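Hi,

Here's the structure I promised to pass on.

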Amino acid sequence: MAPTVPHEPAALARITGGAAVTALASTVVTVSTLWSAKTASGALFRRTPLDLGTGALAYAVGIVGWDFLYYWNHRLSHESRWLWAVHVVHHSSERYNLATALRQPVAEALTIYVPYGALSLLGVRPAIVQNARAINLLYQFWVHTEAIRSIGRAETVFNSPSHHRVHHGSNRRYLDRNHGGILILWDRLFGTFEPERERVVYGLTTNIETHNPVRIATHEWVAIARDVFRSRTWRDRVSYLVRGPGWAGAARD
């Protein structure tokens, strides 16, 4: 008979679980900081022989390029539990209005820095990269409303209040859909588009029923830590940190 392997003592499990969270968090912050410095617009622009100037072409490349990178960052923020723990703040409201757009995360340093500055390798000047960021943010503000039902045929190309209402829906068919910032073309191209076909139910799949900003900002981190502490193996601990959120892989209607 094979010898029985004793379970980890509860106290040791809590210590090692906490160490797992702390080690990964500190690693992510370090890597993010270094990566941010290496991919800053100014640093990369100095390395490229390209310069698109300040005209329409430069702005077009900057705005479309930023939106493309934003789509993938936004999509990953829904498909990775670690990234979702940051992004969940924006989806925590059970109402949908312009104030929802202002629900922004405060812990983005705990995610991998997105190399938007890489646009400068294409010849986009750093100032235009920052202007593209501002344009992207401003565009996304007005789509957080129920007052505008449709913008007509423009919805074929552009993100709209209707498309973004879907994104904020907790309906099964609406989960992880319509990640685009300005353009909805990315969702159409990469298979994450869903039209608004039924009444949208806003909020999380399991709402937290609180207006406490601290709990709103930390509840998913607490849930991750709890799962890690309860895990018996390092493989399970890492899995709880990097796998998708609870609804990932759920069948759609």
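A quick word on naming before the rest: helices here are DSSP runs of H or I with at least four residues, numbered from the N terminus. Also keep in mind that this is a predicted model.

With that numbering, His78 falls in helix 3, which covers residues 56-79. His78 counts as buried because its relative accessibility is 3%, and the cut-off for buried is under 20%. What does its side chain touch? There is a polar contact of 3.3 Å between the side chains of His78 and His87, and the His78 side chain makes another polar contact, also listed at 3.3 Å, with the side chain of His91.

Now for the surface. Phe68, Trp72, Val157, Phe158, Leu185, Leu189 and Phe190 make a nonpolar patch of about 570 Å². Helix 3 and helix 7 (185-190) are the elements that give two or more residues to this patch, and helix 7 gives the most, with three. Leu185 sits in helix 7 and is partly exposed, at 32% relative accessible area.

Last stop, helix 8. This one runs over residues 213-230, 18 residues in total, and spans 26 Å from first C-alpha to last, close to the 26 Å expected. Even so, helix 8 bends by about 45° at His219. His219 is also one of the buried residues of the helix, along with others including Glu220, Trp221 and Asp227.

Cheers

Notes:
Residues numbered from 1 in each chain as written. Predicted model: local features only at pLDDT ≥ 70, side-chain atom pairs only at ≥ 80, totals over all residues. Heavy atoms only, no water. Expected span 1.5 Å × (residues − 1). Bend = angle between axes of the 7 residues up to and from the residue. Buried < 20%, exposed > 50% of the residue type's maximum accessible area, 1.4 Å probe, protein only. Polar contact = N/O pair within 3.5 Å; in protein donor to acceptor, adjacent residues only side chain to side chain. Patch = residues over 30% accessible without salt bridge, like charges linked within 9 Å, V, L, I, M, F, W, Y side chains within 5 Å. Areas by Shrake-Rupley, 256 points an atom, 1.4 Å probe, with all protein chains shown as cover. Salt bridge = Lys/Arg side-chain N within 4 Å of Asp/Glu carboxyl O.
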